[in-house]
Amino acid sequence: MIRRLPPLRSLEAFIRVVRAGSAKTAAAELALSPSALSRRLAALEEFVGKPLFERKHQMLKLTEEGQGLYDAVAPLMDEMTDRIDRLVDTGKVMRLRLGVLPLFGSQRLFPRLGELRKLHPQLHIDIDSSNVAETKLGDTIDAAIILSEGPDATLHSVRLDHNRVHAIASKQLVEELGERPDVSKLSKQTFLIHNDLPMSFEAWKRALHIEHLEPAAIDHFDSGQLILEAAAQGLGIAIMHDDHYLRSHDPRLARVYDINVDSPYSYWFVCRPRALQSRPVRLFHDWMLKAGL
C-alpha cells in the first residue's frame, strides 16, 4: 500500500506562517493571497485530521498538535531544501547585495560567513556598510541588517536580538566614577553617542533616575568600533549595546555601574517581500535564521 505524503506546498505555507509569526507576512513571502494561504493551511489540517492553529481575532496560535508537527517536520524540510539547492547548483556565481553596519559585520556576521561559504560556495556577497541601507532596498541593495526601533511595516523583517544599554568606559574612569551614580561626577564627563542610537542615552538616564543630567559634552559617532576605541582611550563614556561590549573582548573597557537597561533598538534583517523569491536572498535568509546570528 502506497503511503501518501502531505501536500508539500501546504507544509511550506505552514512552516512560513510559524516562522513569520503572521499569516499576512507569510502570504507576502510566498506571493500568495490571504485566501490562497488559508486554503493551503486547511488542506494540511484536513490531511493531518487535526487543527494545527487556534484562530482568534485574525491571530494564529499553534495548537499542541501543530507544535508537534512543526518540531518534527521543519528540520526535515530545511534539510531537503539544502540538498535540493546543492543538486541544482549550476556552478555560476550567485551575488547578494547586503547592507550591514560595520560593528554587526565584524562582530557577528563575518565570524560565521565561513559556514555559509561551505554550504553554498557559489554565493558571494557585496557589502554596503552605510547606515541608510533601508532606503536602498530594491534599488542598490537586496537585503539589509539594520539597527532600528522597528522597520517599515511593508518590509519583510526578522528581529535578530533584544539588546540592553550599557554605559562603557575605560577601567580607570569607571573606578573614578565609583559604584553609585553621582550626578556631580557624571556632569563633568563627555558622553559618546552613536548616530543610530540617539534614544539610548535617554533610556539609560531614566533607568538611573537622573533625567536632568547635563554632561560636559556629547560627541556623536557613526561608527560603533570607533566609539569603543574612544572609550577605551579614556575619551568619554560610550552608550552602547551590551552585545557590542561583550563581543569586543576589550580588557581596557568596563561597565559604568551595575545596571541593566532595555534598549529601544534591535538588529533586524529586512528585505522587500518579493526579494525572498531571489535565490541568493532566500539562501542567506534561511541560513541566517538557522545560524542564530
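Modeller: Let us begin with the largest cavity, which has a volume of about 90 Å³. The model is a predicted one: local features need pLDDT of at least 70, side-chain atom pairs count only at pLDDT 80 or more, and totals for chains, interfaces and linings use all residues. Residues are numbered from 1 along each chain as its sequence is written, and side-chain values use heavy atoms, without hydrogens and water.

Colleague: How many cavities of 30 Å³ or more does the structure hold?

Modeller: Rolling a probe the size of a water molecule over the atoms shows where empty space is left. On a 1 Å grid over the protein atoms alone, a cavity is a set of points where a 1.4 Å probe fits but cannot get out, whereas a pocket is an open set with protein on both sides within 12 Å along at least five of seven lines; lining residues have an atom within 4 Å of a point. Points are joined across faces, edges and corners, and a volume is the space filled by probe spheres set on them. The structure holds one cavity of 30 Å³ or more. It is lined by 13 residues, and Leu101, Leu103, His194, Gly224 and Tyr267 are the closest to its centre.

Colleague: Is His194 buried or exposed?

Modeller: His194 is buried, at a relative accessible area of 9%; buried means under 20%, exposed over 50%, and partly exposed in between (1.4 Å probe, protein chains only). This residue belongs to strand E8 (residues 190-194), and its side chain reaches the backbone nitrogen of Asp196 at 2.9 Å. Of the 293 residues of the protein chain, 46% count as buried.

Colleague: What is the volume of the largest pocket, and which residues lie nearest its centre?

Modeller: The volume of the largest pocket is about 790 Å³. Its lining has 34 residues, with Glu12, Arg16, Thr81, Arg282 and Asp286 nearest the centre. Helix H12 (279-291) is among the elements that give two or more residues to this lining, and H12 gives the most, with nine. Helices (H or I, at least four residues) and strands (E, at least two) are DSSP runs, numbered from the N terminus. Domain 1 (8-88) and domain 2 both give residues to the lining, so the largest pocket lies between them.

Colleague: Which residues form the covered face of strand E6?

Modeller: In a regular strand the side chains alternate between the two faces of the sheet. In E6 (residues 156-159), His156 and Val158 form the covered face, while Ser157 and Arg159 form the uncovered one. E6 pairs with strand E13 (residues 266-271) in the antiparallel sense over four bridges, where pairing requires at least two DSSP bridges. The bridge partner of Ser157 in E13 is Val270.

Colleague: What is phi of His209, and what is phi of His249?

Modeller: Most residues other than glycine have a negative phi. His209, however, has a positive phi near 60 degrees, and His249 has a positive one near 50 degrees. His209 is placed in the loop between helix H9 (200-207) and strand E9 (217-221) and is exposed, with a relative accessible area of 62%. His249 is in the loop between helix H11 (242-248) and strand E11 (253-255), and at 66% relative accessibility it counts as exposed.

Conventions. Domains from an automatic or database assignment. Polar contact = N/O pair within 3.5 Å; in protein donor to acceptor, adjacent residues only side chain to side chain.
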